Each structure stands twice: as C-alpha cells, then as structure tokens.
Amino acid sequence: KRPDNMYCADCGCRGPRWASVSLGVIICMDCSVIHRKLGTHISTVKSLTLDTWKPQWIEKCQKVGNRVARDFYEHRISKNFVKPTWDHNVRGADTSGNSVDD
C-alpha cells in the first residue's frame, strides 16, 4: 500500500474503498459516483473489496497510483483552482459543476 493511495485521489478523503481501474487511481464512494457518470470509456470504477479484479487492473493501479496520476492530470491546473475536498458535498453537484439543489 502506497501512502498516497490511503486517501481519495480526487478529494483527499481518508480510507477510499473504490478504484478507477482504467485510470489507476483509488477513490472514495462519493467520487466514484462522479467517475461512473463520466462513462466507462473514461473511467471504469470497481470496488476494492466487492469486485473480482482482473490482473491488468491490479497492474495498472500498481504502476500508476494516486500520486503519479495527480502529477500527470493536474500539472497544468492553475494554483488558484479550488479542488473539491473530503467535506465537499459531492452528491449535491452534477458532473457539470452545477448544483443539483438549485
């Protein structure tokens, strides 16, 4: 277990239980909902404990992991960009960033 994989790759929540096996990252349940909405052509989500993992998924997550993925995907993000955090109500927003409650 890598220390960076002990937290959600997207929001930083402690103890994530899901993974985007296509991206090679470990994510929390709230962020897994958003990844599922992206579609399997972008992010294929599997449970760390409930699903049977294919060898290529294990290899992908071992090769990539949260730190490497974050460095790759976020290297051009502005320093002023505010990322969602573990206490952010992810379920209150859709993937376009609009509040569902509005």
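This is a predicted model: local features need pLDDT of at least 70, side-chain atom pairs count only at pLDDT 80 or more; totals for chains, interfaces and linings use all residues.
**Trp57 and the aromatic pairs**

Is Trp57 buried or exposed? I found a relative accessible area of 15% for Trp57, and the cut-off for buried is under 20%, so Trp57 counts as buried.

Next I looked for ring partners. I kept in mind that a pair of aromatic rings is described by the distance of the centres and the angle of the planes. My search gave two aromatic pairs. In one of them, Trp53 and Trp57 have ring centres 6.4 Å apart and planes at 85 degrees, so I noted the pair as edge-to-face. The other is Phe72 with Tyr73, also edge-to-face, with 4.9 Å from centre to centre and 85 degrees between the planes.

**The fold**

I then stepped back to the whole protein chain and counted three helices and three strands. In what order do they come along the sequence? I read the pattern as β-β-α-β-α-α. Of the 102 residues, 32% count as buried. I also looked at contacts with a separation of 6 or more: 50% of them are between residues 24 or more positions apart.

**Helix H1**

Which residues of helix H1 (residues 29-38) are buried? I listed Cys31, Ser32 and His35. These three cover an arc of only 105 degrees around the axis, which puts them on the same side of H1. I followed that side to its neighbours, and the buried residues of H1 pack against strand S1 (18-20), strand S2 (25-27) and strand S3 (45-47).

I turned to the second largest pocket, which holds about 440 Å³ of space. I found 15 residues lining it, and the closest to its centre are Lys1, Asn5, Met6, Ile26 and Leu48. Which element gives the largest share of this lining? It is helix H2 (residues 55-63), with three residues.

Last, I checked the confidence. The mean pLDDT of the protein chain is 85, and 83% of its residues reach 70 or more. Residues 89-102 are another matter, with pLDDT below 50. I still found 14 contacts in the model from this stretch to residues beyond near neighbours in sequence.

Terms used: Residues are numbered from 1 along each chain as its sequence is written. Side-chain values use heavy atoms; hydrogens and water are left out. Buried means under 20% relative accessible area, exposed over 50%, partly exposed in between (1.4 Å probe, protein chains only). Helices (H or I, at least four residues) and strands (E, at least two) are DSSP runs, numbered from the N terminus. The arc is that of the directions from the helix axis to the C-beta atoms. Contact means heavy atoms within 4.5 Å. pLDDT is the predictor's confidence in each residue, from 0 to 100. Rings of Phe, Tyr and Trp (its six-membered ring) pair if their centres lie within 6.5 Å; planes under 30 degrees apart count as stacked, over 60 as edge-to-face and the rest as tilted. On a 1 Å grid over the protein atoms alone, a cavity is a set of points where a 1.4 Å probe fits but cannot get out, and a pocket is an open set with protein on both sides within 12 Å along at least five of seven lines; lining residues have an atom within 4 Å of a point. Grid points are joined across faces, edges and corners, and a volume is the space filled by probe spheres set on the points.
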